[in-house]
Amino acid sequence: MASTPSSSSSSGGARKRRGHRVTRRAALGMMAGGAAAGVVGAKVGLKSSSGGELAAVANTLGLNGPQAEAALKTFLPGAKYDEYFMMSSGGHSGQVFVIGVPSMRLLKVIPVFTPESWQGYGFGTDQGNVVLTEGSDPTKSNPLTWGDTHHPALSETAGDYDGRWLYINDRANGRIGMIDLRDFKTKQILDVPNIQTSHGGCFITPNSEYVHISSMTPAVVATKGYTYTPLSQYKDKFRGYSTWLSIDPKTGRFDMAKSFQIELPPYTQDLADAGKLTSFGLGFINSYNTEMATGGDMPGGPGPLEATATKNDYDFLHIIDWQKAEQVAKTGKTVTLNGMNVIPLDVAASEGILHFAPEPRNPHGVDVSPTGDYICVAGKLDPNATVFSTEKIKAAIANQDYQGKDPFGVPILTFDSVVEAQVELGAGPLHTQFGPDGHAYTSLFVDSAVAHWRLGEKAGVPADQAFKLVEKLPVQYNIGHLVTAEGDTVNPDGKYLVALNKWSIDRFPPLGPLHPQNFQLVDISGTKMQIMKDMPIGNGEPHYVQMVHRDKLKNVLSVYPPGTDPMTFKASPFATVAGKERVETSGRDVHVYMTAMRSHYTPDQIDVKVGDTLHLHITNIEQTPDATHGFAIPQYNIEASIDPGEVVNIDLPLNREGNFAMYCTEFCSALHLEMQGWLNVSPN
Ligand code: RUQ
Ligand code: CUA
């Protein structure tokens, strides 16, 4: 059970934890900023282990009342579990970080696009190497060894996280990875056809029908690998693509036969979100650079991009009817481009698949409210959140209420007919997340603050409080994304918010000029937001994060069933049991069926020749949780991690002679150092 004072329930799927709001509000009222003495002491009434009052401890540490209370609320002793997990993009690390809330402890790093040696991901083993290789460009001429993870998307059922899979895009290379949440390992990387990069255009539809990924900077697509085109032909030749990757409901993998793309104008397609409930079936993508500027800052050029791409007062919110697109994708109106079924731009416009709504220039986040009724767009250059109405968008589309068409023939809905409200929040609003009862929270990058505001009546907000700013909380510093508990689902929990700050400046001791980023846990359960904890992130840089309740992760394995292939979760044909270890040679291929258990590999000597190919099939025959073994071969760049029950395969062409002391890299037992063997490679 959760040990946090705020945990009032853990009853699964359709939880609504509303009762706690009152309790917490009352609790916060009791402590309103007082000194530690009489606050901690009165509330807790306990002696510290050294015999003093807890209030005295707080005093010694110089903590005020709220700080002392925050410390207690975020402390978890061993064997008490966090109530929530954050699935955090890892930015340039190419990884995903799993962080517990409210303790803000880093629990796991999941390698996706980048090799990671502890987990043996990308050092000669099948899982990591297969995934990383299939995810490189199809020519394999330029293997990609890093990615820039930005936007995680947890699988959903009926608009709520269902704990099955996690998807994350690679900003740098237009790829997407799929992580199975049974074992928290990456199972697939897809180099998405026709898109070179992808920023924030990654989301999942409410029943995990599709994972969406759109291009950021448009590119010229002829054949995969891209062709050179003069930038003077930007408008005519460059294109963006909105990609709808169909999800196999059994495996979570991408089903290319049922996937499709929609060709888009050469604007820069940016953040995106899926419609839900009342807006189910729609997808929304922000854009900027509808000027179609390409930079050119040398004398005689048009000017630098940041000046030439911000001239228009409005850019275009792309409104995509993906259910209509799904139907059109089955007709002869599409073209096949690099194996992808593509709906051409003119077809998308004429079939009513794509509409535009003007949005204040150079927007950043677009976030759909829990009921689906409001689409909140926040722009870096505009102090307002612009709230579009689903009902009004639908009516404007039905009535063909257009203020014109863009140069590519896409109808532009009349701004005033689709906007519900504009709410002034502060400088540099970026992203919005939601709480229950129409509460909304928007990051203010320039202000370094979180703005708490209310949605409108369709979200259950009384008319006199609708679309009003409630409070601003300064954060440290330069907040990018933010996340609330299940805050992008149909059923947000409120309770916690984490500010994902880009700068930390003075919050942590300087350890060289590259500073950590700063995740700040904020209590949003009371009437006033309160910062509870800073967490330095010394790896990154993280971008979007989702926060999922622990109860949603129902299928997590602690050990694999004996002899499991983690790529299929089925029994591996290469599994071995104790007593059946063997070496089988066929020509120059030497297959070794090996077992690993504390503290021994069987066989522990392998005799091969230069020119042979060694095929190692190692089964960890343990079933004890945490009894993971490693397997390294020095000088050959081989490193595996073999979890209890797991089978790992390694194919190794032997090109050098020597006696290589293979060893277990995991401190598994008292005789861990003795868990060693010899790979004897004799001259041919
Ligand atoms: S969007 S720089 Cu997620 Cu604010 Cu990326
Ligand atoms: Cu097995 Cu160390």
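Visitor: How far apart do the C-alpha centres of domain 2 and domain 3 lie?
Guide: This is a predicted model, in which local features need pLDDT of at least 70 and side-chain atom pairs count only at pLDDT 80 or more, whereas totals for chains, interfaces and linings use all residues. Residues are numbered from 1 along each chain as its sequence is written, chains are lettered from A and ligands numbered from 1 in the order in which they are written, and side-chain values use heavy atoms, with hydrogens and water left out. The domain assignment (automatic or from a database) gives domain 1 (7-74), domain 2 (192-364 + 390-423) and domain 3 (564-682). Between the C-alpha centres of domain 2 and domain 3 the distance is 48 Å.

Visitor: How many residues does the largest nonpolar core have?
Guide: A nonpolar core is a set of buried Ala, Val, Leu, Ile, Met, Phe, Trp, Tyr and Cys residues joined through side-chain atoms within 4.5 Å, where buried means under 20% relative accessible area, exposed over 50% and partly exposed in between (1.4 Å probe, protein chains only). Trp 244, Phe 260, Ile 262, Ile 343, Ile 353 and Leu 354 have the most contacts inside the largest core, and its residues number 31.

Visitor: Which element supplies the largest share of this core?
Guide: Helices (H or I, at least four residues) and strands (E, at least two) are DSSP runs, numbered from the N terminus. Several elements each supply at least two residues of this core, including strand S11 (254-264), strand S12 (268-274) and helix H8 (322-328). The largest share, 4 residues, is that of H9.

Visitor: With the side chain of which residue does the side chain of His 549 make a polar contact?
Guide: His 549 lies in strand S32 (residues 545-549) and counts as buried, because its relative accessibility is 1%. A polar contact is a pair of N or O atoms within 3.5 Å; within protein, one must be able to donate a hydrogen and the other to accept it, and residues adjacent in sequence count only if both atoms are side-chain atoms. At 3.4 Å, the partner of the His 549 side chain is that of Glu 83.

Visitor: Is Ser 641 buried or exposed?
Guide: Ser 641 belongs to strand S41 (residues 638-642). Because its relative accessibility is 13%, Ser 641 counts as buried.

Visitor: What is the relative accessible area of Asp 437?
Guide: Asp 437 sits in the loop between strand S24 (429-434) and strand S25 (439-444). Asp 437 is partly exposed, because its relative accessible area is 37%.
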